[in-house]
Amino acid sequence: MKLSMRWISLRLRLMLVFALVALAAAVSASAIAYWLNRDAVLTRTQDAALDDFRKSLQDNTGSLPLNPTCQELQAAADRMAATSQKYEVLLMGTSGSGCAAPSDRDLFTLRVVPASLRAAVERERRIDDSNRYAYHLYWQRITFGGKPYLVGGAKVIGGGPTGYLLKSLENERADLNSLAWSLGIATGLALIGSALLAQAAASTVLRPVQRLGDAARRLGEGKLDTRLQVSGTDELADLSRTFNRTAESLEKRVEELSAREASSRRFVADMSHELRTPLTAITAVTEVLEDEADNLDPMIAPAVQLVVSETRRLNDLVENLMEVTRFDAGTARLVLDDVDVADQVTACIDARAWLDAVELDAERGNVVRLDPRRLDVILANLVGNALKHGGSPVRVSVRTVDDSLRIDVRDHGPGIPEDVLPHVFDRFYKASASRPRSEGSGLGLSIALENAHIHGGEITAANSPEGGAVFTLTLPRDASRLTDEAEEGGK
């Protein structure tokens with residue numbers, strides 16, 4: 001599921017990048033097109049209106065007297081407003097007359113004209129080489145009553161009236177809004193097209209990557225014969241070829257290691273099996289010598305006792321090696337039975353004469369379904385290890401937590417060094433390199449852990465805050481499910 005989410009996330013990222021690039025490009029192109037068209041439309045409209053106004057002002061006021069009457073100004077304003085440019089006109093009489101003649105008295109009055117524009121129109125400029133006229137035509141775009149307008153004004157040179165125009169830009173705004181909607185729709189279509197293109201591109205790119213991921217997952221599951229079909233010469237094809245070469249090399253290496261491991265297991269199993277026959281004879285002889293130890297020469301008795309103890313130690317080592325070999329070969333099986341945990345722990349301690357050195361905290365009647373022989377092996381190794389390396393008293397506590405059995409084995413020794421804790425369950429591990437030979441084989445805790453694992457349990461090692469080491473065994477209260485699964489797997 002996690003792998004699938006990664007592909008979806010990568011697909012979405014690719015589509016998002018495509019969409020953002022397409023959106024940026026479409027918006028940029030639409031914005032540029034809109035502003036260019038807007039400038040062109042407004043410039044064309046205002047230039048046409050201002051040129052017509054300039055010419056109409058000159059034609060209609062040139063024949064007026066120096067101080068025209070209001071009726072004369074009104075007639076001139078009406079004539080100027082009747083042009084094809086469809087703008088309103090306001091003519092102002094010369095200073096002192098106070099006459100204002102609008103072509104539309106309800107719409108166009110002097111208060112509509114911005115003060116800054118009126119000031120610019122009335123300002124007289126000095127005539128020089130760079131300026132041939134004392135007065136100029138000025139214009140400004142405004143919004144009045146929620147609608148856009150073009151306002152312009154000029155003063156007739158030679159003492160004539162001042163004229164203003166008011167040109168509605170409502171049609172141009174409607175055209176520009178229509179253009180904006182068209183560009184927006186085009187942008188949306190471009191975005192949809194880019195999403196479809198991104199989907200196609202993502203599928204094209206991610207399909208081989210997904211196949212590579214599936215192959216890597218199968219390879220991780222142990223299917224070392226997994227290979228990819230390679231076509232093309234692009235980077236993904238090179239990656240697929242590299243994967244195939246890596247998988248082939250890994251398969252060969254694993255085969256070599258498996259062969260070596262199988263050979264090693266066979267060697268250990270054969271050696272252990274071959275040692276059992278002479279060990280049986282040697283053990284019988286050592287038992288006879290031990291029985292006759294009191295009758296032996298005092299000079300010979302220590303040597304005989306050493307032979308007896310070392311023979312037992314070698315016998316234990318061979319048995320442990322054979323047990324380890326069965327675990328490695330996967331042939332170890334559980335033989336389940338109903339076990340009273342308190343009785344099992346007591347029997348284990350009593351059989352090894354540890355009753356005086358071990359404190360048991362367990363309730364009678366706590367019955368679980370486990371392999372009693374393997375549970376005895378686990379307990380013997382944990383308690384024996386605690387007595388050997390930690391010191392008595394060793395406390396064994398038995399608790400049940402939900403469907404699990406928990407057994408804590410705590411000693412009162414110095415504890416386990418921090419650098420040793422990660423390795424206490426390693427085979428043949430010695431805490432001190434200066435003492436490579438000890439009474440134990442270095443396999444006890446490893447075998448205990450393997451017996452816990454075969455039950456579906458676990459063993460952990462830690463140091464108690466009050467001092468000493470604590471080994472915690474956790475097992476299921478009923479291991480029947482594991483045996484059922486093993487039988488089904490065998491079928």
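## Leu473 and its surroundings

In this predicted model, Leu473 touches Leu375, Ile378, Leu382, Leu405, Arg406, Ile407, Ala452, Glu458 and Ile459, leaving aside residues up to four places away in sequence. Leu473 is also one of the residues with the most contacts inside the largest nonpolar core, a set of 41 residues in which Leu382, Ile407, Val409, Ile459 and Phe471 are likewise among those with the most contacts.

## The nonpolar cores

The largest share, seven residues, comes from H8.

## Helix H9

Helix H9 spans residues 444–454, and nine of its 11 residues are buried, so this helix is largely enclosed by the rest of the structure. The buried residues are Gly444, Leu445, Ser446, Ile447, Ala448, Leu449, Asn451, Ala452 and Ile454. Just after H9 comes Gly456, which takes a positive phi of about 85°.

## The second largest pocket

The second largest pocket holds about 350 Å³ of space. It is lined by 13 residues, of which Arg54, Gln58, Lys155, Val156 and Ile157 are the closest to its centre. Helix H1 (2–61) and strand S4 (147–155) are the elements that give two or more residues to this lining, and H1 provides the largest share, four residues.

Sorted by class, the lining of this pocket consists of seven nonpolar, four polar and two charged residues.

Note on methods:
Residues numbered from 1 in each chain as written. Predicted model: local features only at pLDDT ≥ 70, side-chain atom pairs only at ≥ 80, totals over all residues. Heavy atoms only, no water. Buried < 20%, exposed > 50% of the residue type's maximum accessible area, 1.4 Å probe, protein only. Core = buried A, V, L, I, M, F, W, Y, C linked by side-chain atoms within 4.5 Å. Contact = heavy atoms within 4.5 Å. 1 Å grid on protein atoms, 1.4 Å probe; cavity = no way out; pocket = protein on both sides within 12 Å on 5 of 7 lines; lining within 4 Å. Points joined across faces, edges and corners; volume = space filled by probe spheres on them. Nonpolar A, V, L, I, M, F, W, Y, C, P; charged D, E, K, R; others polar.
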